[in-house]
Amino acid sequence: MKKENFKDIPDADKIATECAICMEEFNDADEVGELDCDKRHYFHTKCIEEWIKVKMECPLCKKQIEDKPELVKEESEGPFEDLDEGDKKLPDSR
Ligand SMILES: [Zn+2]
Ligand SMILES: [Zn+2]
């Protein structure tokens with residue numbers, strides 16, 4: 001997600017004057033997050049970050065949001081590989 005101030009959005013892409021999530025009008029100084037699905041799909045960063053926690057899709061076109069914001073980092077650990085297994089010898093009673 002690209003973050004920028006509302007005033008930095010090119011006029012051609014400024015199709016929405018209000019945030020589709022909170023329905024409030026954008027101010028020039030508002031920080032908006034632009035989704036990857038469409039550069040004209042932008043929302044207040046605070047609004048879209050809250051939205052993403054609930055739904056991983058664009059509020060406008062319902063496209064899946066693949067770009068996870070940093071605040072929802074998932075703890076992931078790499079796959080464990082048991083390389084030691086081959087060295088172990090079973091006790092042979094004979
Ligand atoms: Zn908003
Ligand atoms: Zn969209």
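Two strands are taken to pair if DSSP finds at least two bridges between them. With that in place, I turn to the fold of this chain, which comes from a predicted model.

The protein chain has three strands and one helix. Read from the N terminus, the order of the elements is β-β-β-α. The strands form an open sheet, arranged β1-β2-β3, and their pairing is antiparallel. Both β1, residues 2-5, and β3 stand at the edges with a single partner strand each, so one side of each has no neighbour in the sheet. On average, and ignoring direction, neighbouring strands are turned by 35 degrees against each other.

Let me take one pairing in detail. β1 and β2, the latter covering residues 31-34, run antiparallel and are joined by four bridges. Within this pairing, E4 has V32 of β2 as its bridge partner. The helix α1 packs on the sheet and touches β1, β2 and β3. The direction of α1 makes about 100 degrees with that of β3.

I come now to the helix itself. Which residues of α1 are buried? They are I48, W51 and I52. Seen down the axis of α1, the buried residues fall within an arc of 100 degrees, and they therefore line one face of the helix.

The largest nonpolar core has nine residues: I9, C19, F26, V32, Y42, F43, I48, W51 and I52. At least two residues of this core come from each of β3, residues 42-44, and α1, residues 45-54. The element that gives the most is α1, with three residues. In general terms, nonpolar side chains in soluble globular proteins tend to be buried together.

Which residues does C19 contact, once neighbours within four places in sequence are left aside? The contacts are E24, F26, F43, H44 and C47.

Finally, two figures for the chain as a whole. Of its 94 residues, 15% count as buried. Among contacts between residues at least 6 apart in sequence, 43% join residues at least 24 apart.

Key
Residues are numbered from 1 along each chain as its sequence is written. Chains are lettered from A and ligands numbered from 1 in the order in which they are written. This is a predicted model: local features need pLDDT of at least 70, side-chain atom pairs count only at pLDDT 80 or more; totals for chains, interfaces and linings use all residues. A nonpolar core is a set of buried Ala, Val, Leu, Ile, Met, Phe, Trp, Tyr and Cys residues joined through C-beta atoms within 7 Å. A residue is buried if 20 or more other C-beta atoms lie within 10 Å of its own, exposed if 12 or fewer, and partly exposed in between; C-beta atoms are placed from the backbone. Two residues are in contact if their C-beta atoms, placed from the backbone, lie within 7 Å. Axes are lines fitted to C-alpha atoms, for helices over the stretch in contact, and angles run from 0 to 180 degrees between N-to-C directions. The arc is that of the directions from the helix axis to the C-beta atoms.
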